[in-house]
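Hello,

Here is the structure I promised to pass on to you. My notes on what turned up in it follow just below.

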Amino acid sequence: MPAEPRTIAQLSRALLAREVTSEAVTERCLAAIEEKNPSLNAFIAVFADEARAQARAADREMAAGTHRGPLHGVPISLKDLLDVRGTVTTAASKVRESHVAQADAPTVTHLRNAGAVIVGKCNLHEFAFGTTNEDSAFGPARHPLDPSRSPGGSSGGSAVSVATGMAFASIGTDTGGSIRIPAAACGIVGLKAGVGEISTAGVVPLSRSLDHVGPLCRSVEDAAVVYDALRGASHDGGSPARDVRGLRVGIPRPYFMTLLDSQVASTFESACERLRSAGVVLEDVALAHATEIAPIYLHIVLAEAAAYHAKTLESRPDDYTPNVRLRLEMGRYILAEDYARALRGRDVLRREVDAALDGRDALLLPTLPIPAPKLGVATVKVGASEEPVRNITLRLTQPFNLSGHPALTMPCGNTMDGLPVGAQLVGRHQRTHDLLQVARSLEGYLFPGASR
C-alpha cells in the first residue's frame, strides 16, 4: 500500500494515479476535525456537507479526464476573515455575528476554480489583532503539541488545522506576522507574499496598508502551489531547487538576534552551521533604523485599525474582547503627524531591507524569538528581561509587513521540550517565486529531520 499522502504535492499525485479519492481524503480530514477540534478549537465553522459534495464533484471531474491542477480535490481550510458566500464571516467577534457574506472573496473564487475542497473556517485572534489567538469570541485555539500553550496568532486555528491533518493547507492573513508566527509555533510552513501580490478584497481588514493573504502548509512546494492558486495563476511545478553551494544569504544580527530565547538561538545557529557546511555563504548585515520598527508599526496599525472600527467602537464597544478593544481605543489617539511620520519611516525601512538584499539571494533570521508561549501569560522571560508576549512575538516578523518584502517561515528544529523553532527567509520585492525557489533549496538543510 502506498504511504498516506501528507502534502498537497503527494496527494495530487495520488489523486491523479487513482490511488485515493478526494472523497476518502476529505472524510479523513472531517474525521480529524470531529476528533480533535473539541480540544484544540481550531474551527469556528465546519462545512461537512458542502465539502463532501465538492470532493465527489472533483472525483467525477478527474475520472472524466478533467484536472484543474495540483489543488484539485485537496481539502483546505480558511481563516474566518475571508468571505464565503452565504456564510457568516465572524472575524472571531460578536461584533460580526450576523454578517453574512454576499459573495466569495476573490481568493476563495480562485481556490474554487482550482478545484480545492473547503472544509471550514478557522478560529483566530479577534479581528486578527493579536498574536496568541486567546482573544476570540469562540475561545482560544490551542497548540497541537501542548494544549496549555498558544498556537500563535492571529491565524492560530489555521496553523492547528494543518499541523493536525484537519486540512492539507489553510489560508491565513498576515499584518505583522499572523501567518508566520503560528506556522513557526506549530512547525509548518507559512508564506507572506510580497505586498499587493494577492488580493485582500473580501477579507476583513486590520490595517489596509499592511494586510497580506497567504498559505499555511506542510512544505515549501505546497506553499508555491497555493500561492499561485490564490493569485488565479496556473502552477507549472515551480522552479526546481537550486544547488545551494554559493547561495548568498544575509543574517541581520544587530537588533534581530539580540533578544532571543536561548534554545531558539542555539537551534537557529545549528541550522546556520548546516547551511555553511553545505556551501551556503552567510554574511552579517544590518538595518540602521531597526530599533524604530516597533513604533513605526504601531503608529500605522493602530491608526488604520481604529479608522476601520470607528463606527462599531461607538455602537457596540462591549461586544469586543477587552484586550482588542483597548488596542483599538489606543488607535484613536494617534496624531495625524505621527501617522505621516510613520509612513515616511516605513519607506526608510523598505530601502534598508532592499540594501541588505543587494547582491544576496535572501535574508535569514528566526521567525519567533520564543517557543510557543503558555496561554494566559502577559509576559515571558527572555534572557534577563521580562518581555510582553505580543511585543516579543511580533519583533522579527513585523518589519517585513512594513517593508512589503515576501517572507516565508519553515521549521529549523525543536527545543528540548519538542516545541518547533522556525527560520524566516526574506526575498526581494515582487520576487516571491525566487524566494520560494531559495526556500525549497534550503528546506532539507534547515531541518533535515522534518517529516513531510
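Isoleucine 76 is buried, because its relative accessibility is 2%, under the 20% at which a residue stops counting as buried. Please keep in mind throughout that this is a predicted model. The residue sits in strand β2, which runs over residues 75–79. Leaving out residues up to four places away in sequence, isoleucine 76 touches Leu111, Ala116, Val117, Ile118, Val119, Gly120, Ala167 and Ala169. Arginine 327 is another matter: 251 residues along the chain from isoleucine 76, with 31 Å between the two C-alpha atoms.

The largest nonpolar core holds 113 residues, and Leu71, Leu111, Leu364, Leu408 and Leu442 have the most contacts inside it. Helix α7 supplies the largest share of this core, with 8 residues. Apart from this core lies another, of 21 residues, with Leu30, Ala32, Ile179 and Ala183 among them. As background, nonpolar side chains tend to be buried together in soluble globular proteins.

Which residues of helix α15 are buried? They are Thr432, Leu435, Leu436, Gln437, Val438, Ala439, Ser441, Leu442, Glu443 and Leu446. The elements that cover them include β5 (189–192), α7 (220–230), α8 (262–278), β9 (362–366), β12 (407–414) and β13 (420–426). Helix α15 spans residues 432–446 and has a kink of about 30° centred on arginine 440.

Next, the strands. In β6 (residues 212–217), 6 of the 6 residues are buried. Strand β4, residues 169–174, pairs with β6 in the antiparallel sense over 5 bridges, and in that pairing glycine 172 has glycine 214 of β6 as its bridge partner. Strand β5 also pairs with β6 in the antiparallel sense, over 2 bridges. There, glycine 190 stands opposite leucine 216 in β6.

Beyond four places in sequence, histidine 405 touches Lys192, Ala193, Gly194, Arg350, Val353, Asp354, Leu357, Phe400, Val426, Gly427, Arg428 and His429.

There are 2 aromatic pairs in the structure. Phenylalanine 127 and tyrosine 320 make a tilted pair, with 5.7 Å from centre to centre and 40° between the planes. This pair links distant parts of the chain, 193 residues apart: phenylalanine 127 is in the loop between β3 and α5, and tyrosine 320 is in the loop between α10 (310–315) and α11 (322–331). Both phenylalanine 127 and tyrosine 320 are buried. Tyrosine 255 and phenylalanine 256 form an edge-to-face pair, because their planes stand at 90°, and over 60 degrees counts as edge-to-face; their ring centres are 5.2 Å apart. Tyrosine 255 and phenylalanine 256 are both buried as well.

- Asparagine 41 has a positive phi, near 60°, and is not a glycine. It lies in the loop between α2 (22–40) and β1 (43–46). Asparagine 41 counts as buried because its relative accessibility is 19%, with the cut-off at under 20%.
- Alanine 128 also has a positive phi, of about 65°, without being a glycine. Its place is in the loop between β3 and α5, and alanine 128 counts as buried because its relative accessibility is 6%.
- The peptide bond from glycine 153 to serine 154 is cis, with omega near 10°. Serine 154 is in the loop between β3 (117–122) and α5 (156–163).

Terms used
Residues numbered from 1 in each chain as written. Predicted model: local features only at pLDDT ≥ 70, side-chain atom pairs only at ≥ 80, totals over all residues. Heavy atoms only, no water. Bend = angle between axes of the 7 residues up to and from the residue. Helix = DSSP H or I, 4+ residues; strand = E, 2+ residues; numbered from the N terminus. Buried < 20%, exposed > 50% of the residue type's maximum accessible area, 1.4 Å probe, protein only. Contact = heavy atoms within 4.5 Å. Pairing = 2+ DSSP bridges. Core = buried A, V, L, I, M, F, W, Y, C linked by side-chain atoms within 4.5 Å. Phe/Tyr/Trp six-rings, centres within 6.5 Å; stacked < 30°, edge-to-face > 60°.
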